[in-house]
Amino acid sequence: MTAPTPDADGHTVSADVGALVVDRRNGKVGVVMGRVGPYVQRGGREWDVPPEDVRPPTPAEELSAKVAVANRRWGR
């Protein structure tokens, strides 16, 4: 387990493996798959982001990400 990291607004963000986070720089939502050095990484396309640039998703962002995953499973 990694220590929670304060984001740019001072909120604590968990960058633990499996956490759903949003990249503040581009708004992309991803699941944390690991950490290398100071960077948080997600699965799929390579994605490295400094921990201070991640934030928790809003409920709408989380739902949208889950619907996108479900749609991919059903080929939509």
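**Strands, a helix and a pocket**

Biologist: How do strands S3 and S4 pair?
Modeller: Strand S3 (residues 20-23) and S4 pair in the antiparallel sense, over three bridges. Pairing takes at least two DSSP bridges between the strands. This is a predicted model: local features need pLDDT of at least 70, side-chain atom pairs need 80 or more, and totals for chains, interfaces and linings use all residues. Residues are numbered from 1 along each chain as its sequence is written, and side-chain values use heavy atoms, leaving out hydrogens and water.

Biologist: Which residue in S4 is the bridge partner of Leu20?
Modeller: Val31. Strands are DSSP runs of E, at least two residues; helices are runs of H or I, at least four; both are numbered from the N terminus.

Biologist: And what lies between S3 and S4?
Modeller: Five residues, and the two strands form a hairpin. In its turn, Gly27 has a positive phi of about 80°.

Biologist: Which residue in S7 does Asp23 bridge to?
Modeller: Val54 is the partner. Strand S7 (residues 54-55) pairs with S3 in the antiparallel sense, over two bridges.

Biologist: New topic. How far does H1 reach?
Modeller: From first C-alpha to last, H1 reaches 21 Å with its 15 residues. That is close to the expected 21 Å, taken as 1.5 Å times one less than the number of residues.

Biologist: What comes just after H1?
Modeller: Gly75, with a positive phi of about 75°.

Biologist: How far apart are Ser64 and Val29?
Modeller: In sequence, 35 residues; in space, 9.4 Å from C-alpha to C-alpha.

Biologist: On to the largest pocket. Which residues line it?
Modeller: Leu20, Val29, Gly30, Val31, Ala65, Lys66, Ala68, Val69 and Arg72. A pocket is an open set of 1 Å grid points where a 1.4 Å probe fits, with protein on both sides within 12 Å along at least five of seven lines; lining residues have an atom within 4 Å of a point.

Biologist: Which element supplies the largest share of that lining?
Modeller: H1, with five residues. Strand S4 (29-36) and helix H1 (59-73) each supply at least two.
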